[in-house]
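Subject: Structure handover

Hi,

Here is the structure I promised to send over.

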Amino acid sequence: MAPGDRESYLEPGRTCGTCTVCCVIPAIDTPELQKTTSVACVHCKEGSGCRIYDTRPPGCREYYCYWRYKTNLNDSWRPDLSGVYINALDEPAPEGYGGPPVELRILWPSVLEWPPFTDVVAEFVRLNIAVYLSIPGPEGHNPVRTILNPMVSEAVKRGDRLSMRHSYVEAMAHLLAHETQPVAFQYGAPNPV
C-alpha cells in the first residue's frame with residue numbers, strides 16, 4: 001500500500017488521542033529520526049502525544065498501527081488501553097498464508113486472558129493470515145516473536161478457547177526465554193533521549 005493510500009483505509013473519526021505506544025515501543029531508523037526500542041522519542045510528550053505532530057518526519061507521518069484502520073477492533077483495542085500493539089507487517093507472508101502477516105506485540109501479559117484477544121487471534125487464523133505473538137525487547141533490543149497459527153489452529157477449529165490460551169502461555173514462556181538482539185541502525189546512532 002502506497003503511503004498516500006493509507007489514509008483512505010483509516011477508521012473515520014478514530015485518532016490516537018493520548019496513546020503514545022508507537023512513540024516508545026518500536027525503533028525508528030529514518031534519515032530524519034533515529035530512536036531505539038522501548039524509549040520515548042525525543043518529541044513525545046507522554047499522555048498527550050507528539051510535540052511536533054504537524055511537522056513530524058515522513059516515517060512517522062506515514063505510519064499507523066493496525067487499530068487505526070477500518071477493522072473489527074473497537075476503541076478498547078487502542079494500544080495504550082488494551083496492552084496489545086498490532087501491526088500489519090511489511091514483509092511477505094510465510095508460505096501457505098495470505099498476507100500481509102500481523103504482529104500482536106504484547107505490552108501486558110494479562111491481555112492473554114482477555115476474551116476479545118482470543119476472538120481476534122481466532123479470526124486471523126480462520127482467515128489464514130499469519131499472526132505473530134511478540135514481546136518488546138529491553139531498551140535497545142529488537143522484539144522477539146513466534147507464529148501462533150500452528151499452535152492454535154486445531155483449537156480454533158474446535159472453538160476451544162482454553163487450549164488457545166494455554167498455547168499463548170507456552171508461546172510467552174518461549175519468547176521470554178529467547179535471547180534478544182541489539183537494534184542495528186542504518187542512518188546513525190539514535191538521538192539521545
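Below are a few words on how to read the model, followed by what I found in it.

This is a predicted model, in which local features need pLDDT of at least 70 and side-chain atom pairs count only at pLDDT 80 or more, while totals for chains, interfaces and linings use all residues. Residues are numbered from 1 along each chain as its sequence is written, and side-chain values use heavy atoms, leaving out hydrogens and water.

Let me begin with the sheet. It is open and has 4 strands in the order β5-β6-β7-β8, with mixed pairing (strands are DSSP runs of E with at least two residues, helices are runs of H or I with at least four, and both are numbered from the N terminus; two strands pair if DSSP finds at least two bridges between them). At the edges are β5 (84-88) and β8 (144-147), each of which pairs on one side only. From one strand to the next, the twist averages 25 degrees.

Strands β6 (residues 98-106) and β7 (residues 129-135) run parallel and are joined by 5 bridges; R105 has S134 in β7 as its bridge partner. Strands β7 and β8 run antiparallel, with 4 bridges between them, and there L133 has T146 in β8 as its bridge partner.

Now to the helices. Helix α5 (residues 149-158) lies across β7 and β8, at about 40 degrees to β8 (axes are lines fitted to C-alpha atoms, for helices over the stretch in contact, and angles run from 0 to 180 degrees between N-to-C directions). The axes of α4 (residues 115-126) and α5 come within 10 Å and cross at roughly 95 degrees. The two helices, α4 and α5, are therefore roughly perpendicular to each other (the term covers 65 to 115 degrees). V121, A122, V125 and R126 of α4 make the contact with N149, V152, S153 and V156 of α5 (contact means heavy atoms within 4.5 Å).

Finally, have a look at Q34 in strand β2 (residues 34-35). Q34 is buried, with a relative accessible area of 8%. A polar atom of its side chain lies 2.4 Å from the backbone oxygen of T30.

Best wishes

Note on methods
Buried < 20%, exposed > 50% of the residue type's maximum accessible area, 1.4 Å probe, protein only. Polar contact = N/O pair within 3.5 Å; in protein donor to acceptor, adjacent residues only side chain to side chain. Parallel < 35°, antiparallel > 145°, perpendicular 65-115°, else oblique.
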